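Dear colleague,

Please find below the structure I am handing over to you.

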Amino acid sequence: MLTLQVQKPKLILEDGRRTDGRRPDEMRPIKMEVGILKNANGSAIVEMGKTKVLTAVYGPREMHPRHLALPDRAVMRVRYHMTPFSTDDRKNPSLSRREIEISKVIREALEAAVLAETFPRTTIDVFSEVLQADAGTRLVALMSASLAVADAGIPMRDLIAGVAVGKADGTLVLDLNEEEDMWGEADMPIAMMPSLSQVTLLQLNGNFTPEEFRAAIQLASKGIEELYKLQKETLTSKYSAYKEVN
Ligand code: CDP
């Protein structure tokens, strides 16, 4: 019988750089834009390297079926979905267990930020579509969702920014790429409401020593600060342009 053995690639090269040329504490290039869909109440697209996620927000609007509505707040419904063309192999378009789980963690993170009690008996529907996947899709989806909710004019405690931090060949690395996600020793996506210093998502695949964990949080915080600044600039530039015209 023929067995194919795939060898783990070297993740940190001789010069200390990563397979994509980045230093361990460097993030991929980031792009953000809000208000890109005419028919949604709020929308955003966020790109981190080759990972691209588009989010549309509808609501607050009447809840159907009505018996699911809550008397004291809006219900958040979140669907994270990978398009069939987002991965190397065609992805089955129906929702996988992984996508259902990621939808849940994104919803819980957003619920911490959104002032849902402002809109009782309504629903806020959030659709995040991964257009291209190259690691970090749950965080890019969450950041685009938080921007799209803000773009819909829904009051929030804070925006949410997040990045993955991990370990590749024993080195702590910020914003994992797909190779590092697949072959590294640890992958920890973390998202925060930065101005409140509150963590709204934290998962860990693999392991860290307590010292590595502390250093990983420090490294992630540095990336999150940068992402948060860009999120605020993205919203400000759209709405200051709006003010000038009107
Ligand atoms: O995307 P994220 O890092 O949040 O989640 P993951 O489950 O750790 O997936 C890591 C990466 O594996 C994704 O970003 C995709 O690039 C890839 N993936 C894939 O190619 N096909 C899937 N069905 C699921 C994930």
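Which residues surround the ligand? They are Thr 87, Arg 98, Ala 133, Asp 134, Ala 135, Gly 136, Thr 137, Arg 138, Glu 178, Asp 181 and Asp 187, where a residue counts if one of its heavy atoms lies within 4 Å of the molecule.

Before the details, please note that this is a predicted model, in which local features need pLDDT of at least 70 and side-chain atom pairs count only at pLDDT 80 or more, while totals for chains, interfaces and linings use all residues. Residues are numbered from 1 along each chain as its sequence is written, and side-chain values use heavy atoms, with hydrogens and water left out.

Ligand contacts

An N or O atom in the side chain of Thr 137 lies 2.5 Å from an oxygen atom of the ligand. The ligand taken alone exposes 510 Å², and the protein buries 72% of that (accessible areas come from the Shrake-Rupley method with a 1.4 Å probe; for residues, only the protein chains shown count as cover).

Aromatic pair

The structure holds 1 aromatic pair (rings of Phe, Tyr and Trp, the last by its six-membered ring, with centres within 6.5 Å; planes under 30 degrees apart count as stacked, over 60 as edge-to-face and the rest as tilted). Tyr 58 and Phe 127 form this edge-to-face pair, with 5.9 Å centre to centre and 75° between the planes. Tyr 58 belongs to strand β3 and Phe 127 to strand β5, so the pair ties together parts that are 69 residues apart in sequence (strands are DSSP runs of E, at least two residues, and helices runs of H or I, at least four, numbered from the N terminus).

Salt bridges

The count comes to 24 salt bridges (a side-chain nitrogen of Lys or Arg within 4 Å of a carboxyl oxygen of Asp or Glu). In one of them, the closest N and O atoms of Asp 169 and Lys 8 are 2.5 Å apart. Asp 169 lies in the loop between β6 and β7 and Lys 8 in the segment before β1, so this pair ties together parts that are 161 residues apart in sequence. Glu 111 and Arg 107 meet in another, at 3.2 Å from N to O; both lie in helix α1, 4 residues apart, about one turn of the helix. Asp 20, Arg 22, Arg 28, Asp 134 and Asp 175 are linked in a network of salt bridges, and Asp 134 is also among the residues surrounding the ligand.

Yours sincerely

Technical notes. Polar contact = N/O pair within 3.5 Å; in protein donor to acceptor, adjacent residues only side chain to side chain.
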